[in-house]
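Welcome, and please open the model in your viewer. We will go from stop to stop, selecting a few residues each time and looking at what is there.

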Amino acid sequence: MYKKIICSCMGLLGFVSVTFASGLYIMDTPTTGILNYGSYDVNFRFFSGGSVQTRLDFGVFKFMYVGVALELVNFIGNEQAKVAIPALSVKVKAYEGNMTWPSVALGYDGQGYFFNQDYDGNYVQKERGLYVVAGREVFFEGWNFYLGMNMNDFKDPGLHGFVSTIMPMPFAKDSLSFMAEYDNIGYFPDARLNFGLKLNLTDYIDIDFMMRDCWGRDEADRFPNERVFRIGYTGKF
């Protein structure tokens, strides 16, 4: 059943007109990027345990988009597939930025990673929760840098930080970019250093190859050095 749902979503891509790749996230961390009114972004993330996570975001205003995400555990393979509760997300562009000041966005993302019904909160790696992120282009065209904070536990409030960058490769700046991010700054047990490559196949399709938690601190870390594949498509109704 779940596999039919995913296949149907992918089939819908052929019935709408194309615009541009959006860049709403680096890897795990959000950017200040926003979807134009009437645009949508869908991506499928394949990761540990044969699991798949899909996101579908819609531009509802020029300054805001909303989305829904769903994680399917054991989707690939012969084990019993499990489906998580769909998670909602929203992002608002608070400031466009200029030559002096960075752009700023505010948002909420309820999607965590590694759904487990027996785990406290259901996700082994918590959702982003409420966040604010600022970003701007640095040094040369296409090299973007982002800095943000988030809070994902309202019972025990605490701020975490994240920093990320995406830089086009000099020898293939129109088609290949290097990505790096450091997530959960301020809470070392969950801090993750991630690296990746983004391949822009067209103006509206991109593929990401990612290495998460590259320093895998100890045996208690359940998913060290995780390899992730993600494909994304952006279009316009």
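One term comes up throughout: buried means under 20% relative accessible area, exposed means over 50%, and partly exposed lies in between, with a 1.4 Å probe and protein chains only. This is a predicted model, in which local features need pLDDT of at least 70 and side-chain atom pairs count only at pLDDT 80 or more, while totals for chains, interfaces and linings use all residues. Residues are numbered from 1 along each chain as its sequence is written, and side-chain values use heavy atoms, with hydrogens and water left out.

**Stop one: the nonpolar core**

Select Ile26, Met27, Phe114, Val133, Met179 and Met210. Among the 15 residues of the largest nonpolar core, these touch the most other members. (A nonpolar core is a set of buried Ala, Val, Leu, Ile, Met, Phe, Trp, Tyr and Cys residues joined through side-chain atoms within 4.5 Å.) Strand 8 (113–115), strand 10 (129–137) and strand 12 (160–168) each give two or more residues to this core. Strands here are DSSP runs of E with at least two residues, numbered from the N terminus.

Now centre the view on Met179. Which residues is Met179 in contact with, leaving aside its neighbours within four places in sequence? Among them are Ile26, Met27, Thr165, Phe195, Leu197 and Met210. Contact means heavy atoms within 4.5 Å.

**Stop two: a pair of tyrosines**

Show the rings of Tyr204 and Tyr233. They form an edge-to-face aromatic pair, 5.4 Å centre to centre with 75° between the planes. Tyr204 is in the loop between strand 14 (192–200) and strand 15 (205–212), and Tyr233 is in strand 16 (residues 226–236), so the pair ties together parts that are 29 residues apart in sequence. Rings of Phe, Tyr and Trp (its six-membered ring) pair if their centres lie within 6.5 Å; planes under 30 degrees apart count as stacked, over 60 as edge-to-face and the rest as tilted.

Colour the two by accessibility. Tyr233 is buried, with a relative accessible area of 10%, whereas Tyr204 counts as partly exposed at 26%.

Select Arg212 together with Tyr113. Arg212 lies over the face of Tyr113, at 4.9 Å from the ring centre. A charge sits over a ring if NZ of Lys or CZ of Arg is within 6 Å of the ring centre and within 35 degrees of the ring normal. For another example, look at Lys91, whose charged end sits over the ring of Tyr25, 5.8 Å from its centre.

What joins the side chains of Asp28 and Arg212? A salt bridge does, at 2.8 Å from N to O. The term stands for a side-chain nitrogen of Lys or Arg within 4 Å of a carboxyl oxygen of Asp or Glu. Asp28 is in the loop between strand 1 (17–18) and strand 2 (39–47) and Arg212 in strand 15, 184 residues apart. Both Asp28 and Arg212 are buried.

**Stop four: two further salt bridges**

Go to Arg55 and Asp109, a salt bridge with its closest N and O atoms 2.8 Å apart. Arg55 belongs to strand 3 (residues 51–61) and Asp109 to strand 7 (residues 103–109), 54 residues apart. Arg55 is buried at 6% relative accessibility, and Asp109 is buried at 4%.

Next, pick Glu96 and Lys93, which meet in a salt bridge of 3.6 Å, N to O. Glu96 is exposed, with a relative accessible area of 58%, while Lys93 is buried at 16%. Salt bridges that share partners also join Asp28, Arg45, Arg212 and Glu226 into one network. The rule gives eleven salt bridges.

**Last stop: strand 10 and its neighbours**

Strand 7 and strand 10 pair in the antiparallel sense over seven bridges, with Gly107 opposite Tyr131. Two strands pair if DSSP finds at least two bridges between them. Strand 10 also runs antiparallel to strand 11 (residues 144–151), joined by eight bridges; here Ala134 stands opposite Leu147. Finish at Phe139, which takes a positive phi near 65° in the hairpin of strand 10 and strand 11, where six residues lie between the strands.

Definitions and conventions
Helices (H or I, at least four residues) and strands (E, at least two) are DSSP runs, numbered from the N terminus.
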